[in-house]
Amino acid sequence: MSARLAKQKGEWINRSTAVKFSFEGKEFSGFEGDSITSALWASGEQVIGRSFKYHRPRGILSFANHDVNIMLTDGMDTNIRGDVVPVRNGMALEAVNTDGGVKKDKNRFIDSISPLLPVGFYYKAFHTPRKLFPFWENIIRKAAGLGVVNFNYPRILKRKKHRHCDVLVIGAGASGLSAAYEAGKSGLRVMLVDENLQIGGSLGFDWGGTQEAANLLKDLLAKVESLPNVEVIAAAYAAGYYPDHLIPVVTADGMIKVRANAVIMASGAFEQPPVFRNNDIPGVMLGSAAQRLLHRYSVKPFSNGVVFTANDYGYRVAQDLLEAGIKVAAVVDLRSDAKDGPLAAQLARRGVKTISGSCIYEVQPNAGKTGVKSVTVAEYDEKLNEALTRSKVTIDCDGVAMCAGWAPAANLLYQAGTAMRYDYGVHQFVPNKLPAGIFAAGRVNGVYALEQKVQDGARAASLALRHIGLGTPELSSVSPSNTAQSHEYPVVPHPKGKNFVDFDEDIQVKDFINAAKEGFDNIELMKRFTTVGMGPSQGKHSNMNAIRILARVRGVPVEQIGTTTSRPFFHPTPIGHLGGRGFHPHRLTPLHDMNHKLGAVFTDVGAWKRAAYYQVPGLSLADTVLAEVEAVRTKAGIIDSSSFGKIEVHGPDAALFLERFFTGSYSVQPVGSSRYTMLLDESGVVIDDGLAHRLADDLFYLSSGTSNAAAVYREMQRWQQMWQLDIGLVNVTGSYAAINIAGPLARQVLSGLVNVSLDESAMPAQSICEAEIAGVPVRLIRVVFVSDTTYELHIPTPQAAFVWERVMGAGHALGLKPFGTDAQRLLRLEMGHAMPGIDTDGLTNPYEIGADHALSLDKPDFIGKRSLQIIAKRPLKKILVAFALDAGYAGEMPFECNLVIRDGEIEGRVTSIAYSRTVGRVIGFAYVAPDHSALESRFQIRADSGALVSATVVSSHFIAMQK
Amino acid sequence: MKLLTCPVNGTRPLSEFVFGGEYRVAPPADCTDAEWAAYVHNRSGAPGIKNEWWYHAPSGTWFIAERNTLTDKVMRTYLKGQEGSK
């Protein structure tokens, strides 16, 4: 039995191309341009899904992208929306929420036991005993939810595009098209987006039996197409509103992030179902759904229908049904004065009777509940909101078109912070106060008549252009419709229920009344208790009725109930659209390839990849590191330190800047020398340390550790903003590579390569000079970080690899070995250097790490000085000491962060610990109480197992303990 | 994503900026210890119009933003030391 009509004007289908597919194992065919649902409906299939909770048979409701009872799977994708997804050749589809197929769903018995399952049943019934909950949870979780996620789904990267425009118009119906045209006439960049496959909105289907809408659509389309600066994007929904007019527009193959100067929301309204018994039987659908079927797909919604209406829209639907040759058995109108109006008279002339002041009391389904057999019509008492069942009439029909009103598609308006008000003329929420740059037009603004929608679009465009700064004259405002487009209470009680408010979640009128009785009488609480609006359509067809019911239960006006919070995204969006590329930038040193060739294993240090150690075949990690350390102690080692922070401070005030920024003294520092730098924050906590090398009176070259470098440079910039000294700051971290050559033979390695003397007298510790190495100009610094004899070379980045190779070549015969950060940490520990960030935390002050020598408290000021004055008055609570475990200790190895325990109480903690082969002992740093910090003091460390390990406070110059 | 206007580089997306905390003037060096401790450790969380440090990371520009933390509306941004100029 085909429900396909003869060719209709404006239809979306292409009758010359047939599409073959299967549904629940049965073969079907449709046309190119059909949605899955329209192709099935045309073939006579009316049960296309099962409801969420009671597993009732369901068909078409809205045809507006929230027919969530028709969700399908093709084995790969799940929750495919049949009402909007185009059918494709070869699709093999099944309904998602069934056990054993949509026709013979084994769960359909749940409908008959539904009185046992009121809302809140699960919360209450399975709450206790708690130990049984996991059992029930398993069953409930299986029952809840719709489609099954396919865990073998391939990762399909969806691209993200960024676009900018002057005016973004959301919704391409009458008002949106008009707004886009008016805005586009200015020559500005206009984008018009619409979620439907073809633009036009209701102009494409809501005809009311005339050609007026279709002609207007043709005219508006031609106008918009004549403007090259108006870009139209169909099949794309505006998914949310983010600050400063950022709107993600979701298309099938990715997301467009649109930044607009002004936004016009012409998003229209969702048709709302009246609530009566069995309003969910297949064949009962919204009037706009019937019109969409007729005019987009040329499919009959039913062949003999009843229109149940509470507004003038129902009469337009009836006219369209008649035009398509469908019998209209009656128009049932909730309004008592309807039958005397001109619309009823027009229908009467075509032989259709209007029954006013009445409601559909219930729908009688056919035997299998798979379709409509007849409807019972009764008088409706608008005061009591009840059907008067003494005067029931039964009308045979096979379908119902429902037209009770609308809810504005105001989700993005709410998200943008629009204050809405309830308009008692149109009986709808309309924008009251719009945020700057946001404008509303058309039905979302309460404007319904065709001509007025066009005007309202133009008006919104004029305001948008004025907002952008064009001197466009402001058009006069268009008032919301003064006749009600929505009924204020389209709800018919029925003792047997099954009068559904939310079709997603099978929520009936009594569920709301019960929820209110239980005390959940605030809209947000009611939402969570009943789950209204929490299904896949997110309340698009149910929230307004829920608000109306709650208002009635509480006896307050609708506007006092308010609405639930509207959050992005407006429509379910596949995770694949949101997933990013996993972009984690990291920095490689100029010597990265050199390190790689030498077998380096890299580790992350801040944003950098640094060599942790150089793998030697057949050697364990611990032995590898100890061998690298041994090379430095006995011969020479070389490390790539290019990631060190390097900052130049130029200018007459350079020394003054350092004096204020760091704790030490720099104004009298001789050119060619290096001094220790320590940075505190304003509360006196140690942040970072490093070295200041003076290259000239007005030029300091600062070097510091890797991880803090960017943050320290940023702080320098901030303080310079405040101090406004006569200096320049240059971050040259990337301009120079750095390598350290350390060990007793370091001088010998370099002496043949550099053009300066490396003698102790010419190049003592803590000195710097500019030199040439193999003809390359370098900054040559004598440091003591990892060994007493260490030369640090700062080489212009392009020449780094060349110099590295020359040094490696010169050192080869002397036993020069590369070492990584693991060995470096042990080497610095042996040298007794505590490191900020490792041996300090976010509360450590300089006194606690014995850094008094680094503080020049006689300076006028430096960051943290005032706090140190206060700290110095108080007794110290803890102090960092160097310690060693007993010689020959072979027990459990304590770790960093193990606690120092005295008399069962926590005294401090270990911050660094390692076995040093050089010293022949386990050495480290730990915090202890000041009373116990003297040399030779003993304390105990609690290892992971709980065992107490004895340690002795020693001089931090561990290397002097060498066996 | 919000937009923020760097006084040097113009309006840019928020992801290019780093928040630097509220801009507060330190009390004079001869203040009491309690006054200094209050300056260092206490912050006002009350919503309202605040002057905040912001850093435009790609260009290394620190500036002050006058922002209503209740409405998240930025009234103006300026370089420190150029409060008077617009």
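## Overall form of chain A

In this predicted model, buried residues account for 50% of the 963 residues that make up chain A. The secondary structure of chain A comprises 23 helices and 48 strands. Its radius of gyration is 39 Å, well over the 30 Å that the globule rule gives for 963 residues, so chain A is more spread out than a compact globule. Taken along the principal axes, the box filled by the C-alpha atoms of chain A is roughly 115 × 70 × 60 Å.

Of the contacts in chain A between residues at least 6 apart in sequence, 66% join residues that are at least 24 apart.

Helix α3 of chain A, which spans residues 133-143, is hardly covered, and the number of buried residues among its 11 residues is zero. Just after α3(A) comes A:Gly145, whose phi is positive at about 85 degrees.

## The packing of α11 and α13 in chain A

Helix α11 (residues 509-517) and helix α13 (residues 543-554) of chain A pack with their axes 10 Å apart and at an angle of about 50 degrees. The crossing in which α11(A) passes α13(A) is right-handed.

On the α11(A) side, the residues that take part are A:Val509, A:Phe512, A:Ile513 and A:Ala516, and they meet A:Ala546, A:Ile549, A:Leu550 and A:Val553 of α13(A). By class, this contact holds eight nonpolar residues, with no polar and no charged ones.

## Where chain B meets chain A

Contact between the chains involves 17 residues of chain B and 16 residues of chain A. On the side of chain B that touches chain A, the elements giving two or more residues are α1 (33-41) and β4 (49-56) of chain B, and α1(B) gives the most, with five residues. The residues on this side of chain B divide into nine nonpolar, four polar and four charged.

Helix α23 of chain A (residues 865-872) packs against α1(B) at an angle of about 125 degrees, with the two axes 10 Å apart, which makes α23(A) oblique to α1(B). Here α23(A) passes α1(B) in a left-handed crossing. The contact brings A:Arg866, A:Ser867 and A:Ile870 of α23(A) to B:Asp33, B:Trp36, B:Ala37 and B:Val40 of α1(B), and its residues comprise four nonpolar, one polar and two charged.

## Backbone features in loops of chain A

The peptide bond leading from A:Pro568 to A:Phe569 is cis, with omega near -5 degrees. A:Phe569 belongs to the loop between α14 (558-561) and α15 (575-578) of chain A.

Positive phi values also occur in residues that are not glycine, including A:Gln766, where phi is about 65 degrees. A:Gln766 is placed in the loop between α20 (746-751) and β39 (768-773) of chain A, and with 15 other C-beta atoms within 10 Å it is partly exposed. A:Cys897, likewise a residue other than glycine, has a positive phi near 80 degrees and lies in the loop between β43 (879-885) and β44 (899-902) of chain A. With 10 other C-beta atoms within 10 Å, A:Cys897 is exposed.

Conventions
Residues are numbered from 1 along each chain as its sequence is written. Chains are lettered from A and ligands numbered from 1 in the order in which they are written. This is a predicted model: local features need pLDDT of at least 70, side-chain atom pairs count only at pLDDT 80 or more; totals for chains, interfaces and linings use all residues. Helices (H or I, at least four residues) and strands (E, at least two) are DSSP runs, numbered from the N terminus. The radius of gyration is taken over C-alpha atoms; the globule rule is 2.2 Å times the number of residues to the power 0.38. A residue is buried if 20 or more other C-beta atoms lie within 10 Å of its own, exposed if 12 or fewer, and partly exposed in between; C-beta atoms are placed from the backbone. Two residues are in contact if their C-beta atoms, placed from the backbone, lie within 7 Å. Ala, Val, Leu, Ile, Met, Phe, Trp, Tyr, Cys and Pro count as nonpolar, Asp, Glu, Lys and Arg as charged, and the others, Gly among them, as polar. Axes are lines fitted to C-alpha atoms, for helices over the stretch in contact, and angles run from 0 to 180 degrees between N-to-C directions. A crossing is left-handed if the near helix is turned anticlockwise from the far one by less than a right angle, and right-handed if clockwise. Angles under 35 degrees count as roughly parallel, over 145 as roughly antiparallel, 65 to 115 as roughly perpendicular and the rest as oblique.
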